[in-house]
Amino acid sequence: MKKAYFTLIALVLLTACQVQAANITLNDVIVSLENQHLTVEESKENNESIFDKKLNDVKLNKYTLHDKTFLIYIYDSEENRKKGRKDFQKQTESMNTVSYDVYEVKNILIFYVYEKELDNSIDDGIDQAISNLERLEI
């Protein structure tokens, strides 16, 4: 009986360790934004700004949204995304930066650099896209 009980516990523990939440992909983000009528275009510009840096060893995916910088970082886990955010805070703690918003969902870190004035309709659309990504069943 003890052997069967031990085997059952071991099986449950091993199964629990293997279950991981699936990650959001770059395509998931783009589709979610497009569903909110927000079109991002890939940007090839190399501005050498503080926003054009690797964060926690992850290279950015650079886009524009209504002629403003829109950066998407795809991490392999939520924990690494949090480390990426801390890395950004550390890199910019002594700098004056232009206005930007940060959006975080699961393994995704997004920066929308609007510089001066935030368009509320764009912000609302991004918020809704993020909300939809949170509910995404992957």
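**View 1. Strand 2 and the lining of the largest pocket in the predicted model.** Strand 2, which spans residues 61–65, gives the most to the lining of the largest pocket, contributing 3 residues. The lining comprises 14 residues in total, and those that lie nearest the centre of the pocket are Ser43, Glu45, Lys59, Leu60 and Lys62. Sorted by class, the lining has 8 charged residues, alongside 3 polar and 3 nonpolar ones, and the volume of this pocket comes to about 280 Å³.

**View 2. Threonine 69 and its contacts.** Threonine 69 belongs to strand 3, which covers residues 68–74. Because its relative accessibility is 17%, and buried means under 20%, threonine 69 counts as buried. When neighbours within four places in sequence are left aside, threonine 69 is in contact with Lys62 and Tyr63, and also with Phe111, Tyr112 and Val113.

**View 3. The aromatic pair of tyrosine 112 and tyrosine 114.** A pair of aromatic rings is described by how far apart the centres are and by the angle of the planes. The count of aromatic pairs in the model comes to 10. In the pair formed by tyrosine 112 and tyrosine 114, the distance is 6.1 Å centre to centre and the planes make an angle of 40 degrees, an arrangement classed as tilted. Tyrosine 112 counts as buried because its relative accessibility is 2%, and tyrosine 114, with a relative accessible area of 13%, is buried as well.

**View 4. A cluster of aromatic residues linked by ring pairs.** Phe51, Tyr73, Tyr75, Phe88, Tyr100 and Phe111 are joined through ring pairs into a cluster. One of these residues, Phe111, is in contact with threonine 69.

Notes
Residues numbered from 1 in each chain as written. Predicted model: local features only at pLDDT ≥ 70, side-chain atom pairs only at ≥ 80, totals over all residues. Heavy atoms only, no water. 1 Å grid on protein atoms, 1.4 Å probe; cavity = no way out; pocket = protein on both sides within 12 Å on 5 of 7 lines; lining within 4 Å. Points joined across faces, edges and corners; volume = space filled by probe spheres on them. Helix = DSSP H or I, 4+ residues; strand = E, 2+ residues; numbered from the N terminus. Nonpolar A, V, L, I, M, F, W, Y, C, P; charged D, E, K, R; others polar. Buried < 20%, exposed > 50% of the residue type's maximum accessible area, 1.4 Å probe, protein only. Contact = heavy atoms within 4.5 Å. Phe/Tyr/Trp six-rings, centres within 6.5 Å; stacked < 30°, edge-to-face > 60°.
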